[in-house]
Amino acid sequence: MTSIKILKKRSAWQMLLLVLFFTSCTNQCTRPCGEFDFLDIHVIDSENIGGWVYNGWEMTVEFDFTPADCGEDCTCDKIAWVQMLRAIDQSDGTYLYINEEKEDRATAEGWHIDRLQGKIWGYYGRNDNGTFAGSVTTGSDVSTASLYDRPRRGDAEPYLGYIWMAVSVPVCIDNAASTCNNNLLGFYEWGWMTSDASDVGTFHWIAPKGFKDDFDAAVAEWNADAAGLGYNNFPAFTRLSE
Amino acid sequence: MMKRNKSNIRIVITLGIALLASSIVLAQDEEKPGITKAQHLSDLEALKVKRDSTHAVLKQMELPALVEQMNKDSKTREHFNSSAYREVVNNRKSESQALFEIIQKQQKAAYIPLMALRKINKEAYDSTDVQLRLDALADALRETIVYNRWGIPHLYWQAPAKSMIELGGDAEKTLKSFLSDESPCGIMGYEEELEMEAYKYRRCDYALAMLMVIRDQNVKEIPKDPAKRDKMIEEILAEEE
(Lines give C-alpha, C1' and ligand atoms only; values in the text may rest on other atoms or scores of the structure.)
Protein backbone atom coordinates (compact mmCIF):
# COMPACT_ATOMS: atom_id res chain seq x y z
CA MET A 1 0.00 0.00 0.00
CA THR A 2 2.83 2.35 1.02
CA SER A 3 4.77 1.68 -2.21
CA ILE A 4 1.63 2.39 -4.24
CA LYS A 5 1.36 5.74 -2.46
CA ILE A 6 5.00 6.44 -3.15
CA LEU A 7 4.56 5.46 -6.80
CA LYS A 8 1.61 7.83 -7.01
CA LYS A 9 3.72 10.55 -5.37
CA ARG A 10 6.57 9.88 -7.79
CA SER A 11 4.25 9.99 -10.76
CA ALA A 12 2.86 13.28 -9.55
CA TRP A 13 6.35 14.75 -9.14
CA GLN A 14 7.43 13.46 -12.53
CA MET A 15 4.29 14.78 -14.16
CA LEU A 16 4.87 18.18 -12.56
CA LEU A 17 8.45 18.23 -13.79
CA LEU A 18 7.37 17.22 -17.28
CA VAL A 19 4.76 19.97 -17.33
CA LEU A 20 7.32 22.51 -16.07
CA PHE A 21 9.83 21.37 -18.65
CA PHE A 22 7.53 21.42 -21.64
CA THR A 23 5.85 24.70 -20.74
CA SER A 24 9.23 26.43 -20.41
CA CYS A 25 10.82 28.41 -23.21
CA THR A 26 11.79 25.31 -25.16
CA ASN A 27 8.27 24.91 -26.35
CA GLN A 28 7.58 28.53 -27.35
CA CYS A 29 10.97 29.98 -28.15
CA THR A 30 13.37 29.90 -31.00
CA ARG A 31 16.39 27.68 -30.37
CA PRO A 32 19.66 29.56 -30.91
CA CYS A 33 22.66 27.84 -32.48
CA GLY A 34 24.90 29.05 -29.69
CA GLU A 35 24.57 31.38 -26.76
CA PHE A 36 23.25 34.90 -26.41
CA ASP A 37 24.47 37.25 -23.74
CA PHE A 38 22.73 40.53 -23.01
CA LEU A 39 24.48 43.48 -21.41
CA ASP A 40 22.25 46.10 -19.86
CA ILE A 41 24.53 49.14 -20.04
CA HIS A 42 22.15 51.85 -18.94
CA VAL A 43 18.41 52.39 -18.65
CA ILE A 44 17.60 55.95 -19.68
CA ASP A 45 14.74 57.05 -17.47
CA SER A 46 13.63 60.68 -17.78
CA GLU A 47 17.21 61.85 -18.30
CA ASN A 48 18.12 65.29 -19.52
CA ILE A 49 20.52 64.83 -22.40
CA GLY A 50 21.62 67.94 -24.24
CA GLY A 51 18.57 69.90 -23.13
CA TRP A 52 15.90 67.26 -23.81
CA VAL A 53 14.46 64.68 -21.50
CA TYR A 54 14.65 61.14 -22.86
CA ASN A 55 13.65 57.58 -22.06
CA GLY A 56 15.31 54.55 -23.59
CA TRP A 57 17.96 51.90 -23.18
CA GLU A 58 21.64 51.50 -23.92
CA MET A 59 22.63 47.89 -24.39
CA THR A 60 24.75 45.29 -26.13
CA VAL A 61 23.69 41.83 -27.25
CA GLU A 62 26.38 39.24 -27.91
CA PHE A 63 26.29 35.88 -29.62
CA ASP A 64 28.67 32.93 -29.54
CA PHE A 65 28.02 30.57 -32.43
CA THR A 66 28.16 26.84 -31.67
CA PRO A 67 27.19 25.01 -34.87
CA ALA A 68 26.80 21.72 -33.01
CA ASP A 69 23.90 23.21 -31.02
CA CYS A 70 21.95 23.00 -34.26
CA GLY A 71 23.47 19.76 -35.46
CA GLU A 72 25.96 21.40 -37.83
CA ASP A 73 29.71 21.24 -38.07
CA CYS A 74 30.24 24.22 -40.38
CA THR A 75 32.64 27.10 -39.90
CA CYS A 76 31.86 30.78 -40.39
CA ASP A 77 34.35 33.62 -40.22
CA LYS A 78 31.90 36.51 -40.41
CA ILE A 79 28.79 36.76 -38.31
CA ALA A 80 26.88 40.01 -38.72
CA TRP A 81 23.45 41.10 -37.49
CA VAL A 82 20.08 41.97 -38.92
CA GLN A 83 17.80 43.80 -36.50
CA MET A 84 14.10 44.40 -36.96
CA LEU A 85 12.09 46.65 -34.73
CA ARG A 86 8.69 48.08 -34.09
CA ALA A 87 7.18 50.58 -31.70
CA ILE A 88 3.61 50.77 -30.48
CA ASP A 89 1.56 53.59 -29.01
CA GLN A 90 -0.17 51.78 -26.17
CA SER A 91 -2.99 54.31 -26.02
CA ASP A 92 -4.45 53.13 -29.34
CA GLY A 93 -2.28 50.20 -30.41
CA THR A 94 -0.98 51.93 -33.54
CA TYR A 95 2.60 51.73 -34.75
CA LEU A 96 5.07 54.59 -34.54
CA TYR A 97 8.03 55.10 -36.86
CA ILE A 98 10.98 57.45 -37.07
CA ASN A 99 10.60 58.35 -40.72
CA GLU A 100 8.52 57.90 -43.86
CA GLU A 101 10.74 55.25 -45.39
CA LYS A 102 10.59 53.00 -42.35
CA GLU A 103 6.81 53.22 -42.39
CA ASP A 104 6.78 52.42 -46.12
CA ARG A 105 8.84 49.28 -45.69
CA ALA A 106 7.16 48.05 -42.51
CA THR A 107 5.15 44.85 -42.45
CA ALA A 108 1.46 44.82 -41.58
CA GLU A 109 2.61 44.07 -38.02
CA GLY A 110 4.79 47.19 -37.89
CA TRP A 111 8.15 45.40 -38.10
CA HIS A 112 10.87 46.96 -40.21
CA ILE A 113 14.60 46.50 -40.70
CA ASP A 114 16.58 48.85 -38.48
CA ARG A 115 18.81 50.86 -40.81
CA LEU A 116 19.49 54.53 -41.32
CA GLN A 117 17.75 55.75 -44.46
CA GLY A 118 20.20 55.88 -47.35
CA LYS A 119 22.47 53.06 -46.16
CA ILE A 120 22.66 50.45 -48.88
CA TRP A 121 23.08 47.38 -46.66
CA GLY A 122 20.31 45.98 -44.49
CA TYR A 123 22.82 44.45 -42.06
CA TYR A 124 22.89 46.42 -38.83
CA GLY A 125 25.69 48.98 -38.76
CA ARG A 126 27.18 47.98 -42.11
CA ASN A 127 28.82 50.83 -43.98
CA ASP A 128 28.29 51.23 -47.70
CA ASN A 129 31.84 50.01 -48.36
CA GLY A 130 31.09 46.71 -46.63
CA THR A 131 32.91 47.44 -43.36
CA PHE A 132 31.03 47.80 -40.08
CA ALA A 133 30.47 50.76 -37.81
CA GLY A 134 31.66 50.73 -34.21
CA SER A 135 28.23 49.55 -33.08
CA VAL A 136 28.96 46.07 -34.47
CA THR A 137 31.71 43.56 -33.83
CA THR A 138 31.45 40.78 -36.33
CA GLY A 139 31.92 37.31 -34.90
CA SER A 140 32.75 33.82 -36.14
CA ASP A 141 32.41 30.24 -34.99
CA VAL A 142 35.26 30.94 -32.57
CA SER A 143 34.66 34.58 -31.62
CA THR A 144 31.78 36.61 -30.22
CA ALA A 145 29.57 38.78 -32.41
CA SER A 146 28.12 41.86 -30.73
CA LEU A 147 25.58 44.57 -31.47
CA TYR A 148 25.37 47.86 -29.59
CA ASP A 149 22.26 50.05 -29.65
CA ARG A 150 20.89 53.05 -27.78
CA PRO A 151 17.27 53.69 -28.75
CA ARG A 152 15.67 56.61 -26.96
CA ARG A 153 12.60 58.77 -27.30
CA GLY A 154 11.43 62.04 -25.83
CA ASP A 155 9.77 61.97 -22.42
CA ALA A 156 6.52 63.31 -23.87
CA GLU A 157 3.55 62.23 -25.97
CA PRO A 158 3.29 60.09 -28.02
CA TYR A 159 6.22 58.35 -26.33
CA LEU A 160 4.55 57.91 -22.96
CA GLY A 161 2.53 54.70 -22.80
CA TYR A 162 4.87 53.41 -25.46
CA ILE A 163 6.56 50.12 -26.23
CA TRP A 164 9.70 49.71 -28.32
CA MET A 165 10.84 46.22 -29.30
CA ALA A 166 13.63 44.76 -31.38
CA VAL A 167 14.62 41.31 -32.54
CA SER A 168 18.35 40.98 -33.16
CA VAL A 169 19.39 38.15 -35.45
CA PRO A 170 23.00 36.99 -35.93
CA VAL A 171 23.64 35.72 -39.44
CA CYS A 172 26.62 34.10 -41.14
CA ILE A 173 27.58 36.17 -44.20
CA ASP A 174 30.27 36.35 -46.91
CA ASN A 175 31.20 32.68 -46.48
CA ALA A 176 30.24 31.23 -49.83
CA ALA A 177 32.11 27.98 -49.14
CA SER A 178 30.40 27.40 -45.80
CA THR A 179 27.24 25.35 -45.50
CA CYS A 180 26.11 27.89 -42.88
CA ASN A 181 26.44 30.90 -45.19
CA ASN A 182 23.35 33.13 -45.04
CA ASN A 183 22.02 31.04 -42.18
CA LEU A 184 20.08 32.74 -39.38
CA LEU A 185 21.71 31.62 -36.15
CA GLY A 186 19.28 32.78 -33.49
CA PHE A 187 16.60 35.34 -32.58
CA TYR A 188 16.84 37.56 -29.51
CA GLU A 189 14.08 39.94 -28.49
CA TRP A 190 14.67 42.98 -26.30
CA GLY A 191 12.96 46.27 -25.71
CA TRP A 192 11.69 48.87 -23.32
CA MET A 193 8.45 50.53 -22.52
CA THR A 194 7.23 53.64 -20.78
CA SER A 195 4.16 53.91 -18.62
CA ASP A 196 1.84 56.89 -18.91
CA ALA A 197 3.72 58.26 -15.89
CA SER A 198 6.98 57.85 -17.85
CA ASP A 199 8.43 55.00 -15.79
CA VAL A 200 10.73 52.86 -17.93
CA GLY A 201 10.61 49.04 -17.93
CA THR A 202 12.89 46.77 -19.93
CA PHE A 203 12.82 43.17 -21.13
CA HIS A 204 15.01 40.77 -23.06
CA TRP A 205 14.84 37.08 -23.87
CA ILE A 206 15.19 34.52 -26.62
CA ALA A 207 12.53 35.47 -29.12
CA PRO A 208 9.25 33.57 -29.30
CA LYS A 209 8.87 31.39 -32.36
CA GLY A 210 6.18 33.59 -33.89
CA PHE A 211 8.68 36.37 -34.56
CA LYS A 212 10.56 34.25 -37.10
CA ASP A 213 7.77 34.76 -39.62
CA ASP A 214 7.72 38.48 -38.79
CA PHE A 215 11.45 38.56 -39.47
CA ASP A 216 11.00 36.89 -42.86
CA ALA A 217 8.28 39.41 -43.69
CA ALA A 218 10.47 42.39 -42.68
CA VAL A 219 13.29 41.07 -44.86
CA ALA A 220 10.85 40.58 -47.75
CA GLU A 221 9.67 44.21 -47.33
CA TRP A 222 13.27 45.41 -47.41
CA ASN A 223 13.93 43.41 -50.58
CA ALA A 224 10.72 44.62 -52.21
CA ASP A 225 11.81 48.26 -51.80
CA ALA A 226 15.56 47.79 -52.18
CA ALA A 227 15.90 48.17 -55.94
CA GLY A 228 13.85 51.36 -56.03
CA LEU A 229 15.89 52.86 -53.20
CA GLY A 230 19.27 51.78 -54.56
CA TYR A 231 19.82 49.37 -51.66
CA ASN A 232 21.28 45.86 -51.71
CA ASN A 233 18.87 42.95 -51.45
CA PHE A 234 19.26 40.52 -48.62
CA PRO A 235 20.12 37.03 -49.93
CA ALA A 236 17.73 34.16 -49.33
CA PHE A 237 18.23 33.31 -45.67
CA THR A 238 17.98 29.83 -44.19
CA ARG A 239 16.86 29.33 -40.61
CA LEU A 240 19.57 27.27 -38.98
CA SER A 241 17.99 28.30 -35.68
CA GLU A 242 14.60 26.68 -35.25
CA MET B 1 10.95 2.93 6.09
CA MET B 2 14.31 2.43 4.35
CA LYS B 3 12.51 1.91 1.03
CA ARG B 4 10.52 5.09 1.57
CA ASN B 5 13.67 7.09 2.34
CA LYS B 6 15.39 5.72 -0.76
CA SER B 7 12.41 6.68 -2.87
CA ASN B 8 12.39 10.16 -1.41
CA ILE B 9 16.10 10.52 -2.12
CA ARG B 10 15.45 9.39 -5.71
CA ILE B 11 12.68 11.96 -6.02
CA VAL B 12 14.96 14.71 -4.68
CA ILE B 13 17.77 13.66 -7.08
CA THR B 14 15.34 13.51 -10.03
CA LEU B 15 13.97 16.91 -9.08
CA GLY B 16 17.49 18.32 -8.81
CA ILE B 17 18.51 16.97 -12.22
CA ALA B 18 15.31 18.19 -13.83
CA LEU B 19 15.68 21.65 -12.29
CA LEU B 20 19.29 21.81 -13.41
CA ALA B 21 18.29 20.85 -16.97
CA SER B 22 15.46 23.34 -16.89
CA SER B 23 17.71 26.12 -15.59
CA ILE B 24 20.20 25.49 -18.40
CA VAL B 25 17.39 25.78 -20.92
CA LEU B 26 16.09 28.90 -19.24
CA ALA B 27 19.52 30.45 -18.64
CA GLN B 28 19.24 32.46 -21.83
CA ASP B 29 15.67 33.38 -21.16
CA GLU B 30 16.13 36.06 -18.54
CA GLU B 31 13.15 38.11 -17.63
CA LYS B 32 13.30 41.41 -15.81
CA PRO B 33 11.25 41.45 -12.66
CA GLY B 34 7.78 42.72 -13.35
CA ILE B 35 7.71 42.07 -17.08
CA THR B 36 7.36 38.43 -17.98
CA LYS B 37 7.38 37.06 -21.48
CA ALA B 38 3.88 35.69 -21.01
CA GLN B 39 2.64 39.11 -19.92
CA HIS B 40 4.46 40.74 -22.82
CA LEU B 41 2.87 38.42 -25.38
CA SER B 42 -0.52 38.88 -23.76
CA ASP B 43 -0.05 42.70 -23.86
CA LEU B 44 0.76 42.48 -27.57
CA GLU B 45 -2.44 40.56 -28.19
CA ALA B 46 -4.42 43.19 -26.27
CA LEU B 47 -2.72 45.95 -28.29
CA LYS B 48 -3.71 44.21 -31.50
CA VAL B 49 -7.35 44.29 -30.40
CA LYS B 50 -6.96 47.97 -29.49
CA ARG B 51 -5.34 48.72 -32.86
CA ASP B 52 -8.16 47.01 -34.76
CA SER B 53 -10.66 49.02 -32.75
CA THR B 54 -8.76 52.27 -33.48
CA HIS B 55 -8.82 51.50 -37.20
CA ALA B 56 -12.54 50.74 -37.06
CA VAL B 57 -13.21 54.10 -35.36
CA LEU B 58 -11.06 55.96 -37.89
CA LYS B 59 -12.93 54.32 -40.76
CA GLN B 60 -16.21 55.64 -39.35
CA MET B 61 -14.94 59.20 -38.87
CA GLU B 62 -16.15 61.97 -41.17
CA LEU B 63 -13.47 63.95 -42.97
CA PRO B 64 -13.86 67.14 -40.86
CA ALA B 65 -13.25 65.09 -37.71
CA LEU B 66 -10.16 63.56 -39.28
CA VAL B 67 -8.91 67.02 -40.20
CA GLU B 68 -9.49 68.16 -36.63
CA GLN B 69 -7.48 65.18 -35.39
CA MET B 70 -4.69 65.92 -37.87
CA ASN B 71 -4.65 69.53 -36.67
CA LYS B 72 -4.15 68.30 -33.10
CA ASP B 73 -1.53 65.76 -34.14
CA SER B 74 0.44 68.49 -35.92
CA LYS B 75 1.45 69.80 -32.48
CA THR B 76 2.85 66.58 -31.07
CA ARG B 77 3.40 64.03 -33.83
CA GLU B 78 5.12 63.53 -37.10
CA HIS B 79 2.70 63.24 -40.02
CA PHE B 80 3.69 59.60 -40.55
CA ASN B 81 2.75 58.85 -36.93
CA SER B 82 -0.71 60.41 -37.13
CA SER B 83 -3.43 57.76 -37.40
CA ALA B 84 -5.80 60.30 -38.91
CA TYR B 85 -3.19 61.12 -41.58
CA ARG B 86 -2.79 57.42 -42.34
CA GLU B 87 -6.55 56.99 -42.64
CA VAL B 88 -6.84 59.90 -45.08
CA VAL B 89 -3.81 58.89 -47.13
CA ASN B 90 -4.76 55.22 -47.32
CA ASN B 91 -8.54 55.34 -47.57
CA ARG B 92 -9.84 58.80 -48.43
CA LYS B 93 -8.32 59.57 -51.79
CA SER B 94 -11.83 60.04 -53.16
CA GLU B 95 -12.38 62.86 -50.64
CA SER B 96 -9.37 64.93 -51.70
CA GLN B 97 -11.50 67.75 -53.12
CA ALA B 98 -13.41 67.99 -49.83
CA LEU B 99 -10.10 68.04 -47.95
CA PHE B 100 -8.87 70.83 -50.21
CA GLU B 101 -12.00 72.86 -49.45
CA ILE B 102 -11.71 72.36 -45.69
CA ILE B 103 -8.07 73.47 -45.76
CA GLN B 104 -8.77 76.49 -47.95
CA LYS B 105 -11.58 77.65 -45.66
CA GLN B 106 -9.26 77.69 -42.66
CA GLN B 107 -7.54 80.96 -41.90
CA LYS B 108 -4.61 79.02 -40.56
CA ALA B 109 -3.75 75.49 -41.63
CA ALA B 110 -1.77 72.89 -39.74
CA TYR B 111 0.94 71.02 -41.57
CA ILE B 112 -0.41 67.44 -41.35
CA PRO B 113 -3.67 68.02 -43.30
CA LEU B 114 -1.59 69.76 -45.95
CA MET B 115 0.81 66.81 -46.13
CA ALA B 116 -2.19 64.47 -46.46
CA LEU B 117 -3.59 66.51 -49.34
CA ARG B 118 -0.15 66.64 -50.98
CA LYS B 119 0.03 62.87 -50.80
CA ILE B 120 -3.42 62.08 -52.19
CA ASN B 121 -3.89 64.93 -54.66
CA LYS B 122 -0.76 66.88 -55.55
CA GLU B 123 -2.59 69.05 -58.02
CA ALA B 124 -5.11 70.19 -55.40
CA TYR B 125 -2.28 70.74 -52.90
CA ASP B 126 -0.40 72.89 -55.40
CA SER B 127 -3.47 75.05 -55.84
CA THR B 128 -3.82 75.87 -52.13
CA ASP B 129 -2.85 79.37 -51.11
CA VAL B 130 0.95 79.69 -51.07
CA GLN B 131 0.99 81.84 -47.93
CA LEU B 132 -1.25 79.32 -46.15
CA ARG B 133 1.29 76.60 -46.95
CA LEU B 134 4.26 78.76 -45.99
CA ASP B 135 2.71 79.68 -42.64
CA ALA B 136 1.82 76.07 -41.84
CA LEU B 137 5.31 74.84 -42.69
CA ALA B 138 6.97 77.71 -40.82
CA ASP B 139 4.86 76.92 -37.74
CA ALA B 140 5.86 73.29 -38.01
CA LEU B 141 9.55 74.19 -38.26
CA ARG B 142 9.30 76.62 -35.35
CA GLU B 143 7.57 74.06 -33.14
CA THR B 144 9.86 71.16 -34.00
CA ILE B 145 12.16 69.87 -31.28
CA VAL B 146 12.84 66.42 -32.69
CA TYR B 147 13.49 66.70 -36.42
CA ASN B 148 12.37 63.34 -37.78
CA ARG B 149 9.49 65.04 -39.60
CA TRP B 150 12.03 67.09 -41.61
CA GLY B 151 14.75 64.52 -42.26
CA ILE B 152 18.53 64.93 -42.04
CA PRO B 153 19.81 67.67 -44.38
CA HIS B 154 22.84 65.88 -45.81
CA LEU B 155 21.03 62.53 -46.10
CA TYR B 156 17.32 62.76 -46.87
CA TRP B 157 14.30 65.00 -46.66
CA GLN B 158 10.77 64.24 -45.50
CA ALA B 159 7.54 65.61 -46.96
CA PRO B 160 7.43 68.95 -45.06
CA ALA B 161 10.97 69.81 -46.14
CA LYS B 162 10.23 68.76 -49.72
CA SER B 163 7.11 70.93 -49.60
CA MET B 164 9.08 73.92 -48.39
CA ILE B 165 11.74 73.38 -51.06
CA GLU B 166 9.07 73.04 -53.76
CA LEU B 167 7.97 76.58 -52.99
CA GLY B 168 11.31 77.77 -54.33
CA GLY B 169 11.78 81.53 -54.27
CA ASP B 170 8.48 81.96 -52.41
CA ALA B 171 10.01 80.17 -49.42
CA GLU B 172 13.21 82.22 -49.25
CA LYS B 173 11.89 84.98 -46.99
CA THR B 174 10.32 82.51 -44.60
CA LEU B 175 13.46 80.38 -44.44
CA LYS B 176 15.70 83.41 -43.98
CA SER B 177 13.64 84.33 -40.92
CA PHE B 178 15.01 81.16 -39.26
CA LEU B 179 18.67 81.84 -40.00
CA SER B 180 19.31 83.40 -36.61
CA ASP B 181 17.57 80.66 -34.68
CA GLU B 182 20.29 78.53 -33.13
CA SER B 183 17.99 76.16 -31.24
CA PRO B 184 19.65 72.73 -31.22
CA CYS B 185 17.96 69.87 -33.04
CA GLY B 186 17.19 66.44 -31.68
CA ILE B 187 16.31 63.32 -33.64
CA MET B 188 15.07 59.79 -32.89
CA GLY B 189 17.00 56.71 -33.98
CA TYR B 190 20.48 55.66 -32.88
CA GLU B 191 22.13 55.89 -36.32
CA GLU B 192 20.24 59.12 -36.97
CA GLU B 193 21.50 60.53 -33.66
CA LEU B 194 25.10 59.78 -34.63
CA GLU B 195 24.63 61.81 -37.82
CA MET B 196 23.11 64.68 -35.86
CA GLU B 197 25.92 64.54 -33.31
CA ALA B 198 28.48 64.70 -36.12
CA TYR B 199 26.88 67.79 -37.68
CA LYS B 200 25.44 69.46 -34.57
CA TYR B 201 22.52 70.82 -36.56
CA ARG B 202 20.52 73.78 -35.27
CA ARG B 203 17.21 75.07 -36.55
CA CYS B 204 19.03 77.70 -38.62
CA ASP B 205 20.97 74.92 -40.35
CA TYR B 206 17.74 73.27 -41.50
CA ALA B 207 16.68 76.60 -43.00
CA LEU B 208 20.13 77.02 -44.56
CA ALA B 209 20.03 73.50 -46.01
CA MET B 210 16.60 74.05 -47.59
CA LEU B 211 17.81 77.35 -49.02
CA MET B 212 20.82 75.54 -50.47
CA VAL B 213 18.55 73.11 -52.30
CA ILE B 214 16.34 75.93 -53.56
CA ARG B 215 19.49 77.62 -54.88
CA ASP B 216 20.69 74.44 -56.59
CA GLN B 217 23.61 74.01 -54.20
CA ASN B 218 24.63 70.48 -53.25
CA VAL B 219 23.25 70.03 -49.75
CA LYS B 220 25.06 66.70 -49.42
CA GLU B 221 28.20 68.81 -49.13
CA ILE B 222 26.87 71.07 -46.39
CA PRO B 223 29.82 71.72 -44.01
CA LYS B 224 30.03 69.54 -40.92
CA ASP B 225 31.51 72.43 -38.97
CA PRO B 226 28.83 74.77 -37.60
CA ALA B 227 31.27 77.71 -37.85
CA LYS B 228 31.52 77.18 -41.61
CA ARG B 229 27.74 77.03 -41.85
CA ASP B 230 27.56 80.25 -39.82
CA LYS B 231 29.69 81.90 -42.49
CA MET B 232 27.27 80.74 -45.19
CA ILE B 233 24.38 82.06 -43.11
CA GLU B 234 26.11 85.41 -42.66
CA GLU B 235 26.53 85.70 -46.42
CA ILE B 236 22.84 84.99 -47.01
CA LEU B 237 21.75 87.44 -44.35
CA ALA B 238 24.05 90.07 -45.86
CA GLU B 239 22.13 89.76 -49.13
CA GLU B 240 19.18 91.51 -47.51
CA GLU B 241 21.20 94.49 -46.38
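**Cavity, pocket and core**

Tutor: The lining of the largest cavity consists of 11 nonpolar, 2 polar and 6 charged residues; here Ala, Val, Leu, Ile, Met, Phe, Trp, Tyr, Cys and Pro count as nonpolar, Asp, Glu, Lys and Arg as charged, and the others, Gly among them, as polar. The model is predicted, with local features needing pLDDT of at least 70, side-chain atom pairs counting only at pLDDT 80 or more, and totals for chains, interfaces and linings using all residues. Residues are numbered from 1 along each chain as its sequence is written, chains are lettered from A and ligands numbered from 1 in the order in which they are written, and side-chain values use heavy atoms, leaving out hydrogens and water.

Student: Why is a space called a cavity and not a pocket?
Tutor: On a 1 Å grid over the protein atoms alone, a cavity is a set of points where a 1.4 Å probe fits but cannot get out, whereas a pocket is an open set with protein on both sides within 12 Å along at least five of seven lines. The search of the whole structure finds 2 cavities of 30 Å³ or more, and the largest holds about 170 Å³.

Student: What makes a residue part of the lining of the largest cavity?
Tutor: A lining residue has an atom within 4 Å of a point. For the largest cavity 19 residues qualify, and A:Leu85, A:Ile98, A:Asp114, A:Arg153 and B:Gly189 lie nearest its centre. H11(B) supplies the largest share, 3 residues.

Student: What is the volume of the largest pocket, and which residues are closest to its centre?
Tutor: Its volume is about 860 Å³, a volume being the space filled by probe spheres set on the points, which are joined across faces, edges and corners. Of its 34 lining residues, A:Tyr97, A:Glu103, A:Asp104, B:Arg86 and B:Asn90 are the closest to the centre. The lining divides into 11 nonpolar, 9 polar and 14 charged residues, and H4(B) gives the largest share, 7 residues.

Student: What makes a set of residues a nonpolar core?
Tutor: Such a core joins buried (under 20% relative accessible area, 1.4 Å probe, protein chains only) Ala, Val, Leu, Ile, Met, Phe, Trp, Tyr and Cys residues through side-chain atoms within 4.5 Å. The largest has 74 residues, with A:Phe65, A:Trp81, A:Tyr123, A:Phe215 and A:Phe237 having the most contacts inside it. E9(A) gives the most to this core, 9 residues. A second, separate core of 62 residues includes B:Tyr156 and B:Leu211.

How values were computed. Helices (H or I, at least four residues) and strands (E, at least two) are DSSP runs, numbered from the N terminus. Buried means under 20% relative accessible area, exposed over 50%, partly exposed in between (1.4 Å probe, protein chains only).
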